[in-house]
Amino acid sequence: MPLLAKIALPLLAASMLASAAQAQEGTITVYTSQPTDQMNAVIEAFNRDHPQIAVEVFRSGTTELMAKLQAEFAAGNPQADLLLIADSVAMTQLKNDGRLEPYADAPVDGLPEALVDPDRTFFGTKLITTGIVYNTDLVQTPPASWADLTAEGVASGVIMPSPLYSGAAVIHVGTMVQQPGFGWGYYEALADGGAVAGQGNGTVIEAVARGEKAYGIIIEYMALNAKANGSPVDFVFPQEGVSTITQPVAIVKGTDNREAAQAFVDWQLGRAAQEQSVAQGYFPVIAGVEPPAGYPAVADLTILPADTDRMLAEDQEIKMQFADLFGG
């Protein structure tokens, strides 16, 4: 190797490293549906690995986030660099509208193929299931199935999140109405029995933990975290199966800090973020990371099948039919 090359290569490598470090700084804005306290912990952990990147957050339910984004896109002034929201249906809509930045080199080794968008525009970060929470002071015989919630005297004690507000609820209702054994007839039975809808999953756990309602349809970690913190609640994975969401992360097309945004995606898909997710009560999505204590193994879950393309096509119809039954 010529002497010039021997000298130049280390200098070039040092220059490239300095350039990369220089690029991974500045400010990024994340729009997320993750609860505020959890997101604060995420940023704190991310900044331990990336202290030069400041993270600003706007938090709300996925439906409200999507409305805010659409208004910003229409004005030609999107404010978000990244999205970390509940469901792949909303992400697919944004992808189809050309709003997401492909990230071909995202570190997806070890991620299940089903969690990676084939065009590498969004990536699942968690496995979140929806099941049944109940108040242990009010319920003597816990429900074992979704069908149990429609029983006389039970349905009137049920509260559920609304797909008009919650991305997780969009997926859950969309999944349930696709099941031959349920369909819209299941929700008509709940409505006829007196079940009600709140806003997001937070309203459900508050109502059940306070004893205002005996039963709730809810994502598992909120119920199990409340139980661990002493609330009189417990959680059931219904025998027919559970719906799932993956809280995908994506970079918004047009971001002015692509390198820092990619660093956030890389971190979300890495072991540090996965172990933090487990500490927050989520199922992990990479091999070698154990679920939270007391959770079943992912392999032991019965996952209800769902056609996400159909769900996206029927999105507005689902919300309208739900609003007709439960208000909106």
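Reader: A cavity is a set of grid points where a 1.4 Å probe fits but cannot get out. With that in mind, how many cavities of 30 Å³ or more does the structure hold?

Author: This is a predicted model, and the structure holds 1 cavity of 30 Å³ or more. The space in the largest cavity comes to about 40 Å³.

Reader: Which residues line the largest cavity?

Author: The lining consists of Thr-130, Pro-161, Ala-168, Ala-169, His-172, Asn-201, Ile-217, Ile-218 and Ile-219. Helix α5 and strand β9 (215–219) each contribute at least two residues to this lining.

Reader: And how do those lining residues divide by class?

Author: There are 6 nonpolar and 3 polar residues in the lining of the largest cavity, with no charged residues.

Reader: Let us turn to the open spaces. What is the volume of the largest pocket?

Author: The largest pocket contains about 710 Å³ of space. It is lined by 36 residues, and the closest to its centre are Ser-88, Ala-114, Leu-115, Thr-244 and Thr-246.

Reader: Which element gives the most to that lining?

Author: Helix α4 gives the most to the lining of the largest pocket, namely 4 residues. The elements that each supply at least two residues are α4, β5 (122–124), α5 (167–176), β11 (243–245) and α11 (308–313). In terms of class, the lining of the largest pocket has 23 nonpolar, 10 polar and 3 charged residues.

Reader: What about the second largest pocket; what is its volume?

Author: The volume of the second largest pocket is about 270 Å³. Its lining has 23 residues, and those nearest its centre are Ser-33, Arg-59, Ser-166, Asn-201 and Met-222. Two or more residues of this lining come from each of α5, α7 (201–209) and α8 (220–228).

Reader: Which of the elements gives the most there, and what is the class make-up?

Author: Helix α7 gives the most to the lining of the second largest pocket, with 3 residues. By class, that lining has 10 nonpolar, 12 polar and 1 charged residues.

Reader: Helix α4 came up at the largest pocket. At what angle do α3 and α4 pack?

Author: Helix α3 (residues 62–74) and helix α4 (residues 88–96) pack at an angle of about 10 degrees, and their axes are 11 Å apart. Because of that angle, α3 is roughly parallel to α4.

Reader: Which residues meet in that contact?

Author: From α3, the residues are Thr-62, Met-66, Leu-69, Gln-70 and Phe-73, and they meet Ala-90, Gln-93 and Leu-94 in α4. The residues of the contact of α3 with α4 comprise 5 nonpolar, 3 polar and no charged.

Reader: Are α2 and α9 roughly parallel or roughly perpendicular to each other?

Author: Helix α2 (residues 36–49) and helix α9 (residues 258–268) pack at an angle of about 105 degrees, with their axes 11 Å apart. Angles of 65 to 115 degrees count as roughly perpendicular, and α2 and α9 are therefore roughly perpendicular to each other.

Reader: What makes the contact between α2 and α9?

Author: On the side of α2, the contact is made by Met-39, Val-42, Ala-45, Phe-46 and Asp-49, and on the side of α9 by Ala-263, Phe-264, Trp-267 and Gln-268. The residues of this contact of α2 with α9 divide into 7 nonpolar, 1 polar and 1 charged.

Reader: One last topic. How many aromatic pairs does a search of the whole structure find?

Author: The search finds 13 aromatic pairs. One of them is formed by Trp-184 and Tyr-187, a tilted pair at 5.8 Å centre to centre with 55 degrees between the planes.

Reader: Where do Trp-184 and Tyr-187 lie?

Author: Both Trp-184 and Tyr-187 lie in helix α6 (residues 183–193), 3 residues apart, which is about one turn of the helix.

Key:
Residues numbered from 1 in each chain as written. Predicted model: local features only at pLDDT ≥ 70, side-chain atom pairs only at ≥ 80, totals over all residues. Heavy atoms only, no water. Axes fitted to C-alpha atoms, helices over the stretch in contact; angles between N-to-C directions. Parallel < 35°, antiparallel > 145°, perpendicular 65-115°, else oblique. Contact = heavy atoms within 4.5 Å. Nonpolar A, V, L, I, M, F, W, Y, C, P; charged D, E, K, R; others polar. 1 Å grid on protein atoms, 1.4 Å probe; cavity = no way out; pocket = protein on both sides within 12 Å on 5 of 7 lines; lining within 4 Å. Points joined across faces, edges and corners; volume = space filled by probe spheres on them. Phe/Tyr/Trp six-rings, centres within 6.5 Å; stacked < 30°, edge-to-face > 60°.
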